[in-house]
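Open your viewer and keep the selection panel handy.

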Amino acid sequence: MTDTLDDFRAEVRAFIAEHAPDIPYRAGVRSADNETEFAALQRWTGQLYEAGYVGADWPAEFGGREDRTPGHAIVVAEELARAQVPGGQSGSVLAARALIDFGTDEQRHRHLPKIRAGEEFWCQLFSEPGAGSDLASLRTRAVRDGDNYVIDGQKVWTTDGHWARYGYLLARTDPDAPKHKGISAFILDMSAPGVSVRPLRELTGTSDFNEVFFDAVTVPADAMIGAPGQGWVIANATLAHERTNVGAVVVKLRAALDALIDLARRVEIGGRPAIESDRVRDRTGEFSARVEALSALTGANLTRWLRGGERMHDAAMGKLMFSELNLEIASFAVELGGEAGVLVEGDAAALDDGRWQDEWLYARAFTIAGGSSEIMRNMIAERGLGLPRDRR
Ligand SMILES: Cc1cc2nc3c(=O)[nH]c(=O)nc-3n(C[C@H](O)[C@H](O)[C@H](O)COP(=O)(O)OP(=O)(O)OC[C@H]3O[C@@H](n4cnc5c(N)ncnc54)[C@H](O)[C@@H]3O)c2cc1C
């Protein structure tokens, strides 16, 4: 961090304080709960792009800012996390990257201005019931028919699918090619005939992701992003793009730890404040050490990334440490709450208005989304430590 970035941080903090949408905080990455929240999120998205806080790395002709560095993006992510306010909608951020790097001029001009304005929300149509960790085994088909492709199949876990205007879709166009080579990427109009979106009700009680079904959905051939068979390369390039969120997870964990210590001062064990118990002090001390270790690791990873020396397993180490620690802190808080810990949001006697229960119920999602903990451990073992490959 430099003086310039410190000034920028103060500017971003003031901007968030003035303009942040009036949406109640919920743990994790969540969808709008109703039309009013959705409209507020759209407005907020437009403001973040307009201020150059999101999308600064886009080409200048689409509003990118040459005066902004990855350091600025890191500051923005940290400040959004500190204020517990949503950032750029994830499906659109990902789709925009695919269009910028692999799309045609026509595709870029049609979609990027509307994504910037917050008008178009996108969803990521990758995972399927039988293809998550092993994404390349996806079975949704796109069959060429004259000037069109006809799509049949199913996706699942589609975050924001029920709000999205477009989907960034991976489908198999060549069933005879090796599995990584037969996949293509498409722009899918979510209102096209044959697309059905079914929200899933989750453990947290809200619906943030969906099942999406395709029944003979026709898309024009020019809705393909890149070339036939290039889908796997495009998907990996877009997923690997963003590293600037990692500082935000440390901010989030530090806030969670402060809240946990505050909780331990307020609840009692055996008639004494919990914070006076050796077990509670040991546990919070251990959490604190692990948060600081993650902070150091994150700093090292970011430095390597900025200098072009990132290693395959760097992101996996950070992701594994964050998601497991986040789950453990939330579990411990719920446990400290005793009987009140088992009540949920909306119950007057719930611990801190149900905030910890929501954190705890959502925390499992972070250990799955973006690569499960087992997959992260395999990557660290095989790529980082050079251990023999796991049996597949
Ligand atoms: C909150 C949330 C939001 C998401 N949003 C989206 C979205 O918008 N769009 C989208 O396309 N996807 C989305 N996903 C899907 C996500 O990418 C997948 O859940 C993830 O890739 C894991 O795939 P899976 O759920 O099919 O589990 P599986 O791959 O079936 O894994 C099941 C279990 O087996 C383990 N396992 C699998 N393979 C191995 C192996 N080789 N070695 C050891 N263990 C293994 C896993 O760790 C896991 O415990 C989201 C997921 C979550 C949780």
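**Stop 1: two helices side by side**

Select α3 and α7, where α3 passes α7 in a right-handed crossing (the near helix is turned clockwise from the far one by less than a right angle). This is a predicted model, in which local features need pLDDT of at least 70 and side-chain atom pairs count only at pLDDT 80 or more, while totals for chains, interfaces and linings use all residues. Residues are numbered from 1 along each chain as its sequence is written, and side-chain values use heavy atoms, leaving out hydrogens and water.

Helix α3 covers residues 70-83 and helix α7 residues 246-266; helices here are DSSP runs of H or I with at least four residues, numbered from the N terminus. Their axes come within 8 Å and cross at roughly 25°, the axes being lines fitted to C-alpha atoms over the stretch in contact, with angles from 0 to 180 degrees between N-to-C directions. That angle makes α3 roughly parallel to α7 (under 35 degrees).

Now show side chains: Ala-77, Glu-78, Ala-81 and Arg-82 of α3 meet Gly-247, Ala-248 and Val-251 of α7, contact meaning heavy atoms within 4.5 Å.

**Stop 2**

**Stop 3: the ligand**

Which residues are closest to the ligand? Of the 18 that surround it, the closest are Ser-133, Trp-157, Thr-159, Ser-372 and Glu-374 (a heavy atom within 4 Å). Zoom in on Glu-374, where a polar side-chain atom lies 2.6 Å from a ligand oxygen. Finish at Gln-124, with a polar backbone atom 2.8 Å from a ligand nitrogen.

Note on methods
Parallel < 35°, antiparallel > 145°, perpendicular 65-115°, else oblique. Polar contact = N/O pair within 3.5 Å; in protein donor to acceptor, adjacent residues only side chain to side chain.
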